[in-house]
Amino acid sequence: MNLILLGASGSIGIQTLEILKNEKNNWVLEGFSIGKQFLKIDEILLNFNSVKHICVRFKKDYLVYKKKYPYIKFYYGDKGLIKLIKNSSKNSYVLNALIGFSGLLPSVYSIKNRHTLLLANKESLVIGGELINKLLKKHNNEIIPIDSEHVALKKCLYNEDIDNIKNAYITASGGPFFNYSVEELKKVTVHDALNHPNWKMGKKITIDSATMMNKCFEIIEASYLFPFLKKINVLVSRDSMVHGLIEYKNYTKLNVSPPSMKGPIEYALNLGKPTNGNEFNDVIIDSLDKYNLLKLDENRFSLIKYSRLILNKKGNSGAILNAINEICVEAFLNNEITFIEIEQIINIIMKDAKFNRFCSYFNYKLTDFKYRKITRKLIRRIKCK
């Protein structure tokens, strides 16, 4: 089976390449995209001689590498990502591990070109869940999730009667500031926020985990992946050993494993079918007591509330929230705003946001551009105070 890997130098991309390289499987790496860490192209090609297509971010890198590897077809930029997908073999699968809004259009084109989508880019559904699900239905296609929480739900639902479901939960670690007071949060540094207690992830998702925006996004994502689940609840698993659970009428099924993305990636590469490994298991229990799961304080982690707003408003609402959040996280990482100002800025802009019900990539793109501009303007005002 041929694989197109989008985001080969990110956390998910790197782990995917390790799995493909070190374990026996039926996958052939046909192509990949890579961003700022383009120097890793040489290393990847040393390990995978099957690569036929590569997309880089910038034209200058494209010009260098197409001369260096004339037998490989190179592309660049956002349009290059689409060409990579369109020119890949008909039976290939696309693993989308891109970050942020940039992952939406490749997801759309993967589905339109009838490639099964292995999805780690949660923004594709946060921003365009309505559009994505319409396209899946139109093209008789499917998404296989990679996030540990959504894989957990999928495993817990396997061979079960959905009519017997009482409640569905995903879990959160609570991040590095779970017990911090407001005064303590005001003093948080970038270094502090990037020091997640359980997971090793990219910078953007690590900050989202600390603010709990990541969990907000995962609730939205789960609602589109599993529309028959009436409500997605959140519990706190401080050691990140429990990733998700389904409460049925007579028992509870939960998914337990150490905090590693290797299991979820392997599960996705096995196309959502049970594996023989024991690193990402589902367990049937009568009581949750031994797992020390806690209720999430939504007053303390108030960004969770936007999951309900986005699922209610739909249209461009997810694009608005994502655009504000991406710019705020970028500004925080660049020491332009404080950690606590991320939430404050999101609340200020979302309060006056103009929602519409249009469901199209063009609408999402316009909204993204508009609210990035609004957010940058507010950040400049804050910095000038």
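Tutor: Helix H14 (residues 317-333) and helix H15 (residues 339-351) pack with their axes 10 Å apart, at an angle of about 155°. H14 is therefore roughly antiparallel to H15 (angles over 145 degrees count as roughly antiparallel, under 35 as roughly parallel, 65 to 115 as roughly perpendicular, and the rest as oblique). The model is a predicted one, in which local features need pLDDT of at least 70 and side-chain atom pairs count only at pLDDT 80 or more, while totals for chains, interfaces and linings use all residues. Residues are numbered from 1 along each chain as its sequence is written, and side-chain values use heavy atoms, with hydrogens and water left out.

Helices (H or I, at least four residues) and strands (E, at least two) are DSSP runs numbered from the N terminus; axes are lines fitted to C-alpha atoms, for helices over the stretch in contact, with angles from 0 to 180 degrees between N-to-C directions.

The crossing of H14 and H15 is right-handed (the near helix is turned clockwise from the far one by less than a right angle). On the H14 side, Ile-320, Leu-321, Ile-324, Asn-325, Cys-328 and Phe-332 meet residues of H15, among them Phe-339, Ile-342 and Met-350 (contact means heavy atoms within 4.5 Å). This contact has 11 nonpolar residues, 1 polar and no charged (Ala, Val, Leu, Ile, Met, Phe, Trp, Tyr, Cys and Pro are nonpolar; Asp, Glu, Lys and Arg charged; the others, Gly among them, polar).

A further pair is formed by helix H5 (residues 104-112) and helix H6 (residues 123-138), whose axes come within 10 Å and cross at roughly 10°. H5 is therefore roughly parallel to H6, and their crossing is right-handed. The contact of H5 with H6 has 8 nonpolar, 3 polar and 1 charged residues.
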